Amino acid sequence: MSVIPATPTIPVMLPWLGEEEAEAAAAAVRSGWVAQGPRVAEFERAFADHLGVEHAVAVSSCTTALHLALIGAGVGPGDEVVVPSLSFIATANAVTYVGAVPVFADVDPATGNLTADTVAAALTGRTKGVIAVDQGGVPVDLDAIRALVEPRGITVVEDAACGAGSLYRGRPVGSTARIAAYSFHPRKLLTTGEGGMVTCQDGDLAARLRRLREHGMSVSAADRHAAAGGAGVVETYDEIGFNHRMTDIQAAVGLVQLRKLPAMVARRRELAARYRELLGPLADGLVADPAHGTGNFQACWLLLPDGAPDRTEVLTALAAAGVSARRGIMAAHLEAPYKGTARLPLPATELITRRSLILPLYHSLTEDQQDRVVAALREAIG
């Protein structure tokens, strides 16, 4: 017989959405332009300004952002790309989409991120790229990795899916990368429902990515419409592209969310600090800021201590107490599509994916709810 909690379950994540986002989406609908159009262009400009980069290209997801980023970096069949296994499977999948081979490298056990040393161990003569992930919003040490691989002609793509609002050496995460990709999935701080962004400093690259997201079209639908209603404008298709577009409805929501981002980060960091205080000795396993930056605590993950019950038992006990936690970050090399492909030992990856869990953390989480989470966790661990 299942135990029904006496009080409502505390979710692991809730997006911070309200009337302002609803009105922005409704205004886009009322405008009659709901596909990729003026609001997408406005969102791109606002996001680029927020980061301090030259170009931002809105797309349908971070996965499609990574896909385009790899094409833009010239990665293709026969190439290898070093990636962390400790990441959502989309990181490795994007490599396979362009016909290349993902090569799994281990991570720093404290940050969950690639390091220059773990990347170095995975390099071969076929390495064409590295995808450096800001795992859970923890900034990766991008400078060290770029210093290692760029002299060898290897491009680093920053997978900043979780990174909006985090800082690396005082600058927004992704702003120092040659190419970076962001996610606006509901599990991220800034959400458009689904959606993503590619950022870069190269105008020619940005122009090509804009064409590729729209089937390789030489003139976008919005530009055709702006040119006397499209009369006499005939587009060409010079390379195979994709349907990776964002809608104006999503972009309208994204513009509101972007304005709220600083408040989201401040609140999440405040709650994470309170978790650290409440957890006592258990806080030794709580994700923390690295020396080179500050995180947004997109995922507040905790490594269970030695001697703790199996993680599944802990998650089951938390659920019975009305706390919705989640297993920690996945390891792609343990999933069916990539099983048996790891060339190197990945001890830190396997430790984190086996013993970590994600605690509830979102803007509207109350102190009473946080107290309940910690009490339930202590009880579950015993």
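This is a predicted model: local features need pLDDT of at least 70, side-chain atom pairs count only at pLDDT 80 or more; totals for chains, interfaces and linings use all residues.

1. Three strands form an open sheet whose order is β11-β13-β12, with antiparallel pairing. The edges of this sheet are β11 (300–303) and β12 (326–327), each of which pairs on one side only.

2. Within that sheet, β11 and β13 (residues 356–359) are joined in the antiparallel sense over 4 bridges, and Trp301 stands opposite Ile358 of β13. Helix α10 (residues 311–320) packs on the sheet, where it touches β12 and β13, and its direction makes an angle of about 20° with that of β13.

3. Arg354 belongs to helix α11 (residues 347–355). With a relative accessibility of 51%, Arg354 counts as exposed, because the cut-off for that class is over 50%. Between Arg354 and Arg327 there are 27 residues of sequence separation, while their C-alpha atoms lie 8.4 Å apart in space.

4. Turning to the other group, strand β2 (residues 80–84) pairs with β3 in the parallel sense over 5 bridges, and Val101 in β3 is the bridge partner of Glu80. Together with helix α4 (residues 90–97), β2 and β3 make a right-handed β-α-β unit.

5. Is strand β3 mostly covered or mostly uncovered? Of the 5 residues in β3 (residues 101–105), 4 are buried, so that the strand is mostly covered, where buried means under 20% relative accessible area.

Conventions
Residues are numbered from 1 along each chain as its sequence is written. Side-chain values use heavy atoms; hydrogens and water are left out. Two strands pair if DSSP finds at least two bridges between them. Helices (H or I, at least four residues) and strands (E, at least two) are DSSP runs, numbered from the N terminus. Contact means heavy atoms within 4.5 Å. Axes are lines fitted to C-alpha atoms, for helices over the stretch in contact, and angles run from 0 to 180 degrees between N-to-C directions. Buried means under 20% relative accessible area, exposed over 50%, partly exposed in between (1.4 Å probe, protein chains only). A crossover is right-handed if, with the strands pointing away from the viewer, the path from the first strand over the helix to the second runs clockwise.
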